[in-house]
Structures are given as C-alpha cells and as structure tokens.
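Q: I would like to learn how to read surface patches, backbone angles and salt bridges. Can we go through them one by one?

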Amino acid sequence: LHVFQYTGDEDALSHHTTQSSSTPPWRPLPNARCPVFLRYPAIFGDGNRLVLAGGGDGSSTVSLVKEYCLDTNQWVESNRYPDLPSPLLKAYPVKIAGEMQLVGGYVFTDQQIRLSITSITTCEIKEDQGETSRTWRTDILPPLSNMSAGACNLFGSVAVAGGHLGDGKCVSGVFVLDLKSKEWLQLPSLKTACNRPSLVVFKQHLLSFSGLNSDFNRLSSSQRLEL
C-alpha cells in the first residue's frame, strides 16, 4: 500500500509504504519540492503521476496544474492535465466513472471568499486515433454552505459531510450530489459535527473518520451512517 501527501508549508511530496516495517513512516520523495509555491491544492493520482490542481500562491488563488512523475521522480514540464478553467483553492477531488471531479473550493476575489460549494469541475477524457485529450468543464450547482467538508464517491454520486460555515462552527449535514440533475439531496446528519472528516463508503455504510471540532482539535472518534 502506497500513500502520498503534499505538505504546503514545505511545498513537498512525501511517501508512506506499508511494504516494509523497517521503512520510516514518511519519507520525502526525490526532488519532491514543487517548482511553484502552492497551498491547499487538490491532489490526486493518474497512473504514474501525482497531480496538484489549483491552490494558493500566498497572495491569491491560482488555476495552475503541476504533475510529478513517480517513474522519473521529477516534476514534468508537459502535463497530461491542462490548467483549471478558473482559480480554485481547497477543492475536493472525487473520482467517478473514470472522471475526476473537483467539488467546491474557495476563490479569493477582491478580498472576498466564496465559502459555499457552488460548482463542480469535471475533467473529460477523450480518445481520438490513439491520442488522449483532457478538458475541464465547470458546472454551476445550487449553493451548499458546507465549507471544508469531507467528500467521497458514494455509489457513483458525490457525497459531502461535515465542514463549517465560515465562522469556524462545525456542522453535521450530509448531502449527495445527483450528477445528472446537479441537485443536492440531504441525508441524515452526522451525530457529531466536524470539520474536514475523512469519508469512506463500505458496503451500505458511509464512514466518517477523525476531523476537527469547532476548537480545531483533532477528533479521534469515527461515525457511521447506514445508507
């Protein structure tokens, strides 16, 4: 099992593997420092590449996409993915039916912050005579106020849970996005409100792990929602 993380404070990728008990828990990847300073990008894998999409450069939100090749341990100059159609910070990557969905996120514009989830950005992949092209498409959604919610693939739909409303106060709402109608459907709420939980679907349950409370302390408990 290989797990990767990106530390924005250090602009670097690190790697954890469970293949060897003698391996340190986390180790930096070679040449792991991103050539561009990015805070809170969406990060996801595509074959032998780790993709960082959007984020902040310290003063504004950006639409840049940077890719790291695990075969060469280098940041590549020729990306598979184009830059995002608009700047986005802290979007939630969810892969559904082979397409990457970036849900919500922040946008800083003239000192204003868009707090709610108002859009979904989908990467469409097309094959033509052996050539693969990727194009981002943004669809506007009915605003959902959850900010910093957890997100995951729920049986082919996007589920979000928890988060806060911009004032730091955690919420417990759980919502599912119908990708055809682009409408949010509400599910029963989490028992404990939390910010940025990790979500996993197992059998007929939506599992929520960890997260932060309203005082930004790490929660050690897990929650289960029967679907």
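This is a predicted model: local features need pLDDT of at least 70, side-chain atom pairs count only at pLDDT 80 or more; totals for chains, interfaces and linings use all residues.

Q: Where is valine 200 placed, and is valine 200 buried or partly exposed?
A: Valine 200 sits in strand S18, residues 198-202. Its relative accessibility is 39%, so valine 200 counts as partly exposed.

Q: What should I expect of phi?
A: Most residues other than glycine have a negative phi. Now look at two cases here. Arginine 196 is not a glycine, yet has a positive phi of about 55°. It lies in the loop between strand S17 (183-187) and S18. Serine 210, also not a glycine, has a positive phi of about 55°. Its place is the loop between strand S19 (205-209) and strand S20 (222-226).

Q: How many salt bridges does the count give?
A: The general idea is a distance cut-off: a side-chain nitrogen of Lys or Arg within 4 Å of a carboxyl oxygen of Asp or Glu. By this rule there are six. One of them joins aspartate 46 and arginine 134, at 3.4 Å from N to O. Aspartate 46 is in strand S4 and arginine 134 in strand S13, so the pair ties together parts 88 residues apart in sequence.

Q: Which residues are linked in a network of salt bridges?
A: Glu124, Arg137, Asp139 and Lys182. Arginine 137 meets aspartate 139 at 3.1 Å, N to O. Aspartate 139 also forms a salt bridge with lysine 182, the closest N and O atoms being 4.0 Å apart. That pair links strand S13 to the loop between strand S16 (174-178) and S17, 43 residues apart. Aspartate 139 and lysine 182 are buried.

Definitions and conventions. Residues are numbered from 1 along each chain as its sequence is written. Side-chain values use heavy atoms; hydrogens and water are left out. Helices (H or I, at least four residues) and strands (E, at least two) are DSSP runs, numbered from the N terminus. Buried means under 20% relative accessible area, exposed over 50%, partly exposed in between (1.4 Å probe, protein chains only).
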